[in-house]
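Please keep the model open while reading, and find each residue as it comes up.

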Amino acid sequence: MKLPEAPEPLPAEGTAGPMPWTGKAERVDRVIIVGLVVSGLYALLLLPLTPALIDSHPLALEIIRGSVSSIITMGALARTGDASLAVAVLAAIPALVMFDWVFWLAGRRWGHRAVTMFLGNGAKRGRQVRRLEGVMRRLGPYAVLFGYVLPLPTALIDAAAGWIGMRLRTFLILDLLGALLWTGLLAGLGYAIGQPAVDVAHAVGRYALWFTLGIVALIVAKQMRDGKAAA
């Protein structure tokens, strides 16, 4: 799979085509697209698991989704003696970083067009891309390391890291360290809160499943309605 040797310069605003790649899609382009689709479906399909498992199986939820609530709950259970603090910190890391390499590869392969695609449509999109490029070139490794706590989607940071030419090995190391920092903060918060956080988890598990399923149903209904309107 051929990758560009250097980050692609940002062109004038409005020159990007409808697809993030140029010419005919190659194998690496198809791999990225499949990875992005799987990443989105994984997050959407597992959304109902948070209220379903947060009370009865928070460790399983942390391993599968790496959700904020599950990490905090496991930290709280460590405070009450019902879980290990080390497990609370480490269990979520694989789920958190599972698809990050896909976004890095998208940025490495497609350059600024990957970032543009993730930002979506908008009048200020070109300015946002340039601002993100400037931030990444100034901060570089620190942006990836603290990506989970920055007020930016981690997908944008991962794609921008590939765009500016960060090596994959460097990115993966920083990504893992950043995830460890994030889970440590959340598990530490749960440990500090203790039993009240466990009580909240019980309440969430009791009432939130139907609420979450209702949100998912509304999202699906809206997508079907938008699809019919576009047709």
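1. Ala192 belongs to helix 12, and, as the model is a predicted one, what follows describes that prediction. Is Ala192 buried or exposed? Its relative accessible area is 55%, and because exposed means over 50%, Ala192 counts as exposed. Along the chain Ala192 and Ala78 are 114 residues apart, yet their C-alpha atoms are separated by 9.9 Å.

2. In soluble globular proteins, nonpolar side chains tend to be buried together. In this model the largest nonpolar core has 28 residues, and those that touch the most other members are Ile32, Trp110, Val115, Met136, Val144 and Ala161. Two or more residues of this core come from each of helix 1, helix 7, helix 8 (112-119), helix 9 (125-139), helix 10, helix 11 and helix 12 (168-193). Apart from this core lies another, made of 14 residues, which include Ile71, Met74, Leu77 and Val97.

3. Ala161 deserves a look of its own. Which residues is Ala161 in contact with, once its neighbours within four places in sequence are left aside? They are Trp104, Met136, Val144, Met166 and Phe171, and of these Met136 and Val144 are also named with Ala161 among the core residues that touch the most other members.

4. The largest pocket has a volume of about 540 Å³. It is lined by 19 residues, and the closest to its centre are Ser39, Ala43, Ala95, Leu96 and Thr154. Helix 1 (27-45), helix 6 (93-97), helix 7 (100-110) and helix 11 (154-163) are the elements that each give two or more residues to this lining. Sorted by class, the lining of the pocket holds 12 nonpolar, four polar and three charged residues.

5. How many cavities of 30 Å³ or more does a search of the whole structure find? The search finds one, and the space in this largest cavity is about 30 Å³. The residues that line the cavity are Ala143, Val144, Gly147, Tyr148, Thr154, Ile157, Asp158 and Asp175. Helix 10 (141-145) and helix 11 are the elements that give two or more residues to the lining, and helix 11 provides the largest share, with three residues. By class, four of the lining residues are nonpolar, two are polar and two are charged.

6. Two residues link these points. Thr154 is among the residues closest to the centre of the largest pocket, and Thr154 also lines the largest cavity. Val144 likewise lines the cavity, and Val144 is a member of the largest nonpolar core.

Key
Residues numbered from 1 in each chain as written. Predicted model: local features only at pLDDT ≥ 70, side-chain atom pairs only at ≥ 80, totals over all residues. Heavy atoms only, no water. 1 Å grid on protein atoms, 1.4 Å probe; cavity = no way out; pocket = protein on both sides within 12 Å on 5 of 7 lines; lining within 4 Å. Points joined across faces, edges and corners; volume = space filled by probe spheres on them. Helix = DSSP H or I, 4+ residues; strand = E, 2+ residues; numbered from the N terminus. Nonpolar A, V, L, I, M, F, W, Y, C, P; charged D, E, K, R; others polar. Core = buried A, V, L, I, M, F, W, Y, C linked by side-chain atoms within 4.5 Å. Buried < 20%, exposed > 50% of the residue type's maximum accessible area, 1.4 Å probe, protein only. Contact = heavy atoms within 4.5 Å.
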